[in-house]
Amino acid sequence: MRILVISDIHSNQPALEAVLKDAGDVDAIWCLGDIVGYGPFPNECIDRLRNLPDLVALQGNHDAGVLDRLSLTSFNHDAGQAIEWTRSLITKENLEFLSSLKQQIVIGEVTLNHGSPRNPIWEYLMEFNTIKDNFSYYSTPYSFVGHTHIPILYHMDENGTVEWKIPPVNECIPIPARSFVNPGSVGQPRNHDIRAAYALFYPAERLWEARRVEYDISKIQEKIRSVGLPPRHAMRLEEGW
Ligand code: ZN
């Protein structure tokens, strides 16, 4: 079995299409939230996703923002502007789809969250003590998370020591039990690599394969500018932050 793991698409349709094409045939697609926000193609991205067979999708903080379940004051000014813009044009059907998404899902050996198992919508697994604490908030061998936009693996060994590594691209690596794994962001990569990030998970073999794919950045930049979204959202895509 081959599962496509994606997160943080952020209304970037060219990046989403490139990832779906590059991943090829998969048995399921797990999307860890933030389908919308920042970018200019919210309806296009949701339409594409919800018509995919075997999709499992979570709600992220930007999705919750569009649903008015998180106050705009919890976002920075530019992110808030994109959320307001998205609210103004999202279709009723797509709003219902976002509203139907759960904040945490357990499938087999994996707990899926957008942010963290302790606070699925909002908490970032970035600071060391936060990561350590969160290992006691799920009981499956693995938890897959998004939200930080950084592809990374955190593992807690039997002595309670947390190690981390950046999974090498295009290489299948075993995931040890008690691990958080993040596939990175499809639509707004932040580790100074401008290519869309995603991963393939092989549950029977317990393997993880980090992947990157180039996409047409100029297409989304032009659209960001033409619809009047903050220029910063276009600029950061060509620098990967
Ligand atoms: Zn995000």
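Reply: In S12, Ala 197 has Arg 212 as its bridge partner. This is a predicted model in which local features need pLDDT of at least 70 and side-chain atom pairs 80 or more, while totals for chains, interfaces and linings use all residues. Residues are numbered from 1 along each chain as its sequence is written, and side-chain values use heavy atoms, with hydrogens and water left out.

Me: How many bridges pair strand S11 with S12?

Reply: Strands (E, at least two residues) are DSSP runs numbered from the N terminus, and two of them pair if DSSP finds at least two bridges between them. S11 (residues 196-202) and S12 are antiparallel, and the number of bridges is 7.

Me: Which residue in the turn of the S11 and S12 hairpin has a positive phi?

Reply: The hairpin has 4 residues between its strands. With a phi of about 55°, the turn residue is Arg 206.

Me: Which residue in S12 stands opposite Pro 174?

Reply: Strand S9 (residues 172-174) is joined to S12 by 3 bridges, running antiparallel. Opposite Pro 174 stands Leu 207.

Me: How many residues of S12 are buried?

Reply: Buried means under 20% relative accessible area, exposed over 50%, partly exposed in between (1.4 Å probe, protein chains only). Strand S12 (residues 207-213) is mostly covered, and the buried count is 6 of its 7 residues.

Me: At what distances is the zinc ion coordinated?

Reply: Donors are N, O and S atoms within 2.8 Å of the metal (3.2 Å for Na, K and Ca), with water not among the atoms, so sites may look incomplete. Asp 8 (OD), His 10 (NE2), Asp 34 (OD) and His 149 (NE2) coordinate the zinc ion at 2.0 to 2.6 Å.
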